[in-house]
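Here are my notes from going through the model you sent.

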Amino acid sequence: MTLLVTGGAGFIGSNFVLDWFAASDETVVNLDKLTYAGNVHNLISLKGNQHHIFVQGDIGDAALVGSLLAQHRPRAVLNFAAESHVDRSILGPGEFIQTNIVGTFQLLEQVRTYWGTLTGDEKSAFRLLHVSTDEVYGSLGARDPAFTENHRYEPNSPYSASKAASDHLVRAYHHTYGLPVLTTNCSNNYGPMHFPEKLIPLMIVNAQAGKSLPVYGDGQQIRDWLYVKDHCSAIRAVLATGRVGETYNVGGWNEKPNLEIVHSVCDLLDELKPRANGHSYRQQITYVTDRPGHDRRYAIDARKIEQEIGWKPAETFETGIRKTVQWYLDNPDWVTQVQSGAYRDWVAMQYAQA
Ligand code: NAD
Ligand code: DAU
């Protein structure tokens, strides 16, 4: 039995692949384009594992995807591949349209063709699981109930609009062609191997480097944080027992304003790696120009996945953020390796006029 995982060298995809092999020796074909966000070093512990087949390539490359499906005959395709950073989508939406919409379309076409060749149990057991985001639902007011799976789609950034479009395509391929799809819409992840352009790893990395900790606007935007390994366990659970054609919201019941998140990171660093001068890392916080169109609040109502599938997160925010900060302290080489010239260029451009 084989899985085809796309985007398996990124943050969530590589955590998923590593966790998969911790519990199974089922082969994983890992298709990743290795954009700036893809990192084969995330998978270094799988070196020599013959059940992990890494292929550098694009989900939009129909010939490549078609041949991988024909050759490896997976029982499921899990689509993690995407452009994922909201700020980058604001600066340049083109790649988001290309990968998240056109790429997903090409992948769907190849999977539809492959699925059409299957028969009997192979055909009925096949699944395409599309990994998506809560951002497709737009922004909540302070007192609004959390997003359920029935919340209308109101994406506000080029990133979330491109993910919404991909979700619609996945839905349409089920409705029109009967393709056996599952979609998960997850809240903000954090944990090991998170690229330091996103809030939590950026704060951990900048704090230790003595740099400013840039909080957008008033820092009171709310996100619902989930430890990445809990997201991975949710995906495994949905793949195993999710109902075909359904969408499942995944979240940590951990709504927190950004400033509180930054304070938590500073306080943990104060404890685990105190500054030489004895002052708190909180002193490095600076308030910078807000993100254009910044969504104010996300919150996930995760009752469906709990009631239907029995999934619940294992980590609280307190346990997960401690593990995360400790991971970055234990892995300075990983941080140095991802802070390439291209990373420095991005940080210089994004925070120049902040
Ligand atoms: P990431 O940016 O860390 O990783 C994306 C991976 O996809 C990279 O390895 C990259 O090389 C690869 N990729 C990009 N374009 C590709 C293409 N055309 N073909 C093949 N591979 C390509 O992203 P992430 O945070 O790991 O997110 C993974 C998925 O989960 C995305 O679909 C994202 O929308 C979704 N998601 C992320 C979060 C979060 O908090 N990070 C939350 C909910 C959902
Ligand atoms: O909700 C799920 C989404 O979470 C995923 O779909 C996206 O792929 C993922 O990147 C994430 O999007 P966010 O925009 O919420 O994550 P980010 O880490 O970029 O920002 C989190 C919050 O922190 C957001 O309100 C913006 C703010 N922020 C971010 C950065 C990078 C700052 O205040 N300062 C910063 O420097």
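1. At what angle do helix 4 and helix 6 pack, and how far apart are their axes? Bear in mind that this is a predicted model. The angle comes out at about 15 degrees, and the axes of helix 4 (residues 94–117) and helix 6 lie 8 Å apart. Anything under 35 degrees counts as roughly parallel, so helix 4 runs roughly parallel to helix 6. If you want the handedness too, these two helices make a right-handed crossing.

2. Now for ligand 1. There are 28 residues around ligand 1, and I12, D32, S84, Y159 and K163 are the ones that come nearest. If you'd like to colour the shell by class, expect twelve nonpolar residues, twelve polar ones and four charged ones.

3. Which parts of the fold build that shell? Helix 1 (11–23), strand 5 (127–133) and helix 6 (158–177) each put in at least two residues. Strand 5 gives the largest share, with three residues.

4. The side chain of Y159 has a polar atom 2.7 Å from an oxygen atom of the ligand.

5. Helix 1 and helix 8 (residues 228–241) meet at an angle of about 65 degrees, their axes 9 Å apart. Angles of 65 to 115 degrees count as roughly perpendicular, which means helix 1 is roughly perpendicular to helix 8. The crossing between helix 1 and helix 8 is right-handed.

6. On to ligand 2, with 24 residues around it; D134, Y159, R291, H294 and Y351 come nearest. Note that Y159 is on this list and on the one for ligand 1. By class, the shell of ligand 2 holds ten nonpolar, eight polar and six charged residues.

7. Strand 8 has the largest share here, three residues.

8. The polar contacts of ligand 2 are worth a click. A polar side-chain atom of R291 lies 2.6 Å from an oxygen atom of the ligand. From the backbone, a polar atom of P214 is 2.7 Å from a nitrogen of ligand 2, while one of Y216 is 2.8 Å from an oxygen of ligand 2. Taken alone, ligand 2 exposes 690 Å², of which the protein buries 95%.

9. Last one: helix 7 packs against helix 9 (residues 258–272) at about 40 degrees, and the axes are 10 Å apart. That angle makes helix 7 oblique to helix 9. Helix 7 and helix 9 cross in a right-handed way.

How values were computed: Residues numbered from 1 in each chain as written. Chains lettered and ligands numbered in written order. Predicted model: local features only at pLDDT ≥ 70, side-chain atom pairs only at ≥ 80, totals over all residues. Heavy atoms only, no water. Near = heavy atom within 4 Å. Polar contact = N/O pair within 3.5 Å; in protein donor to acceptor, adjacent residues only side chain to side chain. Helix = DSSP H or I, 4+ residues; strand = E, 2+ residues; numbered from the N terminus. Nonpolar A, V, L, I, M, F, W, Y, C, P; charged D, E, K, R; others polar. Axes fitted to C-alpha atoms, helices over the stretch in contact; angles between N-to-C directions. Parallel < 35°, antiparallel > 145°, perpendicular 65-115°, else oblique. Left-handed = near helix turned anticlockwise from the far one by under 90°. Areas by Shrake-Rupley, 256 points an atom, 1.4 Å probe, with all protein chains shown as cover.
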